[in-house]
Amino acid sequence: VQLQASGGGLVQAGGSLRLSCAASERTFGSYSMGWFRQTPGKEREFVAAINWNSGYAYYVDSVKGRFTVSRDHAKNTAYLQMHSLKPEDTAVYYCAADTNRMVGTTTPPYWGQGTQVTVSS
């Protein structure tokens, strides 16, 4: 399974961006998909995840109320809608998928390439 992330860019503080993560296989039996982010010199940080079937989602505290994760079954794609962006949200964002458990509970087996999000102050 390959994951293709897109949608990063440069935005001013308070702005919005939407990241997309498309899975390569239409028969992709994902249990969940989600997002991590990483800045230089720091460990990769969990951001959000969504159960592919139920739509249950959970978030790291720092993004609650600002970020929303969703999925589109027909397009085999997960999204991360980011509002009220802050400079501290600047990072490389990675999408991930797991066929057995919620992303974020353990290291996911499937990863997309990173997409850079830069929030200017």
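Reply: A disulfide is here a pair of cysteine sulfur atoms within 2.5 Å. This is a predicted model, in which local features need pLDDT of at least 70 and side-chain atom pairs count only at pLDDT 80 or more, while totals for chains, interfaces and linings use all residues. Residues are numbered from 1 along each chain as its sequence is written, and side-chain values use heavy atoms, with hydrogens and water left out.

The count by this rule is one disulfide. Its partners are Cys-21 and Cys-95, whose sulfur atoms lie 2.2 Å apart. The torsion about their S-S bond is about 65°, so the disulfide of Cys-21 and Cys-95 is right-handed. Cys-21 belongs to strand β3 (residues 17–23) and Cys-95 to strand β9 (residues 91–98), so the pair ties together parts that are 74 residues apart in sequence. Strands (E, at least two residues) are DSSP runs, numbered from the N terminus, as are helices (H or I, at least four residues).

Buried means under 20% relative accessible area, exposed over 50%, and partly exposed in between, with a 1.4 Å probe and protein chains only. Cys-21 counts as buried at 1%, and Cys-95 is buried at 0%.

Two strands pair if DSSP finds at least two bridges between them. An open sheet of four strands runs in the order β1-β3-β8-β7, with antiparallel pairing. Its edge strands, β1 (3–6) and β7 (67–72), each pair on one side only. Six bridges join β3 to the antiparallel strand β8 (residues 77–82), and Leu-17 stands opposite Met-82 in β8.

The nonpolar surroundings come next. A nonpolar core is a set of buried Ala, Val, Leu, Ile, Met, Phe, Trp, Tyr and Cys residues joined through side-chain atoms within 4.5 Å. The largest such core has 27 residues, and those that touch the most other members are Trp-35, Val-47, Phe-67, Leu-80, Met-82 and Tyr-93. Strands β1, β3, β4 (32–38), β5 (45–51), β7, β8, β9 and β11 each supply at least two residues of this core. Contact means heavy atoms within 4.5 Å. Leaving aside neighbours within four places in sequence, Leu-80 is in contact with residues including Leu-17, Leu-19, Trp-35, Val-47, Phe-67 and Tyr-93. A second, separate core of six residues includes Ala-49, Ala-96, Met-102 and Val-103.
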